[in-house]
Amino acid sequence: MTAVPALSRPKRMSATPGQIALALAIAAFLLFFLVLPVATVIYVAFTEKGTNSFTLINFYDFFRTELFIRSFWNSVYVSAMSVVWASVFALPLAYLTTRFVFRGAAVVQTLGFLPLIMPPFVGAVAMQLLFGRNGSINLLLDDWFGFKIGFMEGLNGVIFVQSVHYFPFILINLSAALRNIDRAMEEAAQNLGSSGFRLFRRIVFPLAMPGYLAGASLVFVKVFDDLATPLLLNVKDMLAPQAYLRVTSIGIADPMGYVISVVLIIASVVAMWLSALALKGRDYATTQRGGGGLAKRVMSPMEAIFGYGVVILILALVLAPHLGLLLLSFATIWSYSPLPDAFTVAHYARVFGESSVYIKNTLIYASIAGGIDIVLGVAIAYLVLRTKLVGREWLDWTASAALAIPGVVLGIGYLRTFYGITLPDGTPLASLWITLVLALAIRRLPYALRACHAALQQISVSLEEAAENLGATKSRTVRRVVVPLMAGGILAGFVTSFSTAAVELSATLMLVQSNSDAPLAYGLYVFMQSAAGRGPGAALGVVAVILVAACTFLSHLIIERSQKAKGMGH
Amino acid sequence: MVNRRVALAAALGLSLSTSFATIALAQAPAGKVTVVTSFSKDVTDPIKKAFEKAVPGVTLEVQNRNTNAGVKYVEETKANNQVDLFWASAPDAFEVLKGKKLLTPYKPKATGIPEKIGSYPINDPQGFYFGFAASGYGIMWNDRYAKANKLPEPKDWQDLAKPAFYDHVSIASPARSGTTHLTVETILQGEGWDKGWRTLKEMSGNFRSITERSFGVPEAVNSGQVGVGIVIDFFAFSAQASGFPVKFVYPTVTTVVPANVGIIANPPNKAAAEAFVEFLLSPTGQEVLLDPGIRRLPVNPAVYAKAGADYPNPFTDPRFQKMIGFDVDKSEARTAVVDTLFDQLISFQLDALKGVTKTLHEVDAALAKKPNAQAKAAADEARNLIAAMPVTEAQAASAELRGAFTGGKEKGARQAELESQWANAARENYAKAKTKAEEALKLAR
């Protein structure tokens, strides 16, 4: 066995000045761009309305309000069930494509990633047209068999949409983790007589646990904090929609909205902490990096039929919304009928005529945001897992808490904090596009962080020790050993951050200052406000999906190629 | 050149558009003018194009935000304001901005625009914002959906409470949609507090959904997910223009109110901001509103000559003259209370309300076949329980309740406490009503 028992690990090197400086720099960044702006808004939760004096009465009110308590438990239930269903979708895809010789693995990985890039508004419209009460499927069911299925009704509808939407979090993190497992482990188990499901359950899955939990905790927290889906399905008794309704409606100075935000943040941090606790005291690292060019297993014909069948079935289900989007983008009128009345390419003509600036901006903003995220993600993961710095976990928790902060709250916080600061020529700091990029980076940092964290957890510290024993400095070790070994995880983190930042709307809407600086999501929003804009909106949505999909596919090719180069592939 | 044009225009008594161009030239606006708006691209694009053509040298920068976010944005950025104009439908948003001293007064030079539309003043009396288009409220429905589900054509609010419409109607929440708030307030003012709430709750018992965006309702009706929606008129007109199979009707108790534009306090480009207001009110600007993608009602009566025959004209159509006089002050005094009551009694209790409404529809069906006085009495009792309000009209506008929502000194209870009380009262009443309704159903069968 190559796993290093936790107890025998040599005493960790204490913090170097460089590490302390790094930690301080990250802390300052988080303080300035996350804690401060959010605190300027959230402090309302602790003040009495009208008098601004400190009070905890608002929290007392929260726990006494039946609606909020019901909303809290609904959110917990929906999040937990979404994790279950997301796992059901993700496990087969991840396992089949990483552990077997599977034709088109990169394509499957890319397609399986697409649901995450569900452009706001258009995505929901497309899903309603397919799965809604009078969507294609229900109209046909009603016609043929005389009954309908409530895919999109109530809490179950939210679970359905959320698990389709967010399962790629598990898929991408789990796939990265599975690729990192040394196949020698599996072979040893096989030699000892273990095979099939037992092998998966006892050896493979436990070793991939960090990746799975990273993805599962993201799904849980994301569903817990997501407001768009419940609102678009008209489900209001969940926590995030309640916070949003409060913050954005008449009671803009109403403390309860911010109390709910505080509860959301605490719940997210607790969920992250629990997932960290689940991994504590165990070691997932392997020293041997699958060298020797072990082959992926070849499936028997029966296995292959079954395997491809499962993959196609899952992909058909999770990609149905995108099929709906595609149909909508070519549709003239689509109303109360299984298919559109007629098809046209006019919407694309309009979008290409007007929207190239949105596309360019999106590519720039999302790439920079994703870049910032992986740099911070690697740094924080390294500090947390490899040093004994006091309070290093706080960096992790603070960064993760960003997941729970409603986009509107962050947007308002940025305006409040940075609008007063002006450049020499009088333009406010908050009106520069870079502010939007920073907001996107902060909002997506948790995604990259979880991915980097999981990747580093799978790398044995003894590899670094070996490098240092051979005379490498710490920074050289990180550069030449740690980061290359984490490459898969880092790329996974970048892709998630990049592609979700590309369709982020809530913070964007608050911070966009001019049409020429606006990203795609803003353009979509503007189109989707009118009946005539539905088609062009869908066309722009398709463009967004293709764009991000192309980037994802490219990064999968890079992963595969780099693994081949290291002799890890087939 | 400028003088010659002025002279020429005056001498010939030329159309308003020319004199407007003269004013614009006299002040020589130039550069960029920024407008925060809730209007969609289909509305802003044609107007931007026409404006930039009418006032060369000025570019219109459109920032699209929903009304609430827009108000919040202007408020948050007032210290270093970069925005010239605010442009949206809901008059309340402008009242909020005006109250916070975020608007500049201005006196438009455009002529030909009357004082009132229906019974609603077109411009803010103090000159802080100006109506440029009118919109009425009403009922929109999907024809294919209605045929497939055998829905009758609705004519009035009360129709939507009929059994045929159960689970087929949608509305936006008044707390999130300024225009829906006006619809609710119109019903309350037109029918009176208690009767109005009774109508609202009876309609709500038939609701399929209560959405969070104004546009969520027409979208659901357009795509056929919901049969009937309570919307502002131009949502239906522009959907018709796009080819969707939808129809629209103005109920008898409704109102027509202006959509507005106002100049932000301390605008970076005042001359251009004024030029934009003048443009919107000029005949050229008013004509753009007839564009199929916009379809709003111009405030200049002369412009209707260029509209099609079937275009609703609020200045000549007798329906609009009968519409109720809408009291803005009354509405403003109780905005928060009305919206919160709607949410606590209807939005967040919709399942319970629908449950008892469904049973009552069954009772009615049974009674129609076989009358039964005792069952009818029980059903009426259930209806009264549903209609009961925890707050009277006088209380709704009282300093005490307003204080609870704004944090004033006079407050008797905190907002959260009131909300809990109201929600509990509604829940208990709906549960009791359900028992009564089931009793009535047993008797009726």
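This is a guided tour of a predicted model, stop by stop, with a note of what to select and what is found there.

Residues are numbered from 1 along each chain as its sequence is written, while chains are lettered from A and ligands numbered from 1 in the order in which they are written. Because the model is predicted, local features need pLDDT of at least 70 and side-chain atom pairs count only at pLDDT 80 or more, whereas totals for chains, interfaces and linings use all residues; side-chain values use heavy atoms, with hydrogens and water left out.

**Stop 1: the boundary between the chains**

Ten salt bridges are counted between chain B and chain A, a salt bridge being a side-chain nitrogen of Lys or Arg within 4 Å of a carboxyl oxygen of Asp or Glu.

**Stop 2: single salt bridges across the boundary**

Select Glu76(B) and Arg416(A), which form a salt bridge whose closest N and O atoms are 2.7 Å apart. Next, select Lys236(A) and Glu212(B), where the closest N and O atoms of the salt bridge are 3.5 Å apart. Lys236(A) lies in the loop between helix H11 (228-232) and helix H12 (239-248) of chain A and Glu212(B) in the loop between E9 and H9 of chain B, so this pair joins two chains. Lys236(A) is buried at 7% relative accessibility, and Glu212(B) is buried at 8% (buried means under 20% relative accessible area, exposed over 50%, and partly exposed in between, with a 1.4 Å probe and protein chains only).

Then move to Arg144(B) and Asp341(A), a salt bridge with its closest N and O atoms 2.5 Å apart. This pair crosses from helix H6 (residues 143-148) of chain B to the loop between helix H14 (301-330) and helix H15 (346-354) of chain A. Arg144(B) is partly exposed, at 27% relative accessibility, and Asp341(A) is partly exposed too, at 42%.

**Stop 3**

Since Lys247(B) lies in strand E11 and Asp143(B) in helix H6, the pair ties together parts of chain B that are 104 residues apart in sequence. Asp143(B) is buried, at 18% relative accessibility, whereas Lys247(B) is partly exposed, at 31%.

For a linked group, select Arg133(A), Glu153(A), Asp167(B), Arg208(B) and Lys354(B), which are joined in a network of salt bridges.

**Stop 3: strand E8 of chain B**

Now select residues 169-172 of chain B, where Val169(B) and Ile171(B) point one way from strand E8 and Ser170(B) and Ala172(B) the other, with all of them buried. In a regular strand the side chains alternate between the two faces of the sheet.

E8(B) pairs in the parallel sense with strand E9 (residues 207-211) over four bridges, where two strands pair if DSSP finds at least two bridges between them. Ile171(B) stands opposite Ile210(B) in E9(B). E8(B) also runs parallel to E10(B), joined by two bridges, and there Ser170(B) has Gly229(B) as its bridge partner.

**Stop 4: helix H10 of chain B**

Select residues 233-242 of chain B, helix H10, which is mostly covered, with seven of its ten residues buried. Among the buried residues are Phe234(B), Phe235(B) and Phe237(B), and the elements that cover the buried part include strand E7 (130-142), helix H9 (216-223) and strand E10 (228-232) of chain B. Just after the helix, Gly243(B) takes a positive phi of about 105°.

Methods: Contact means heavy atoms within 4.5 Å.
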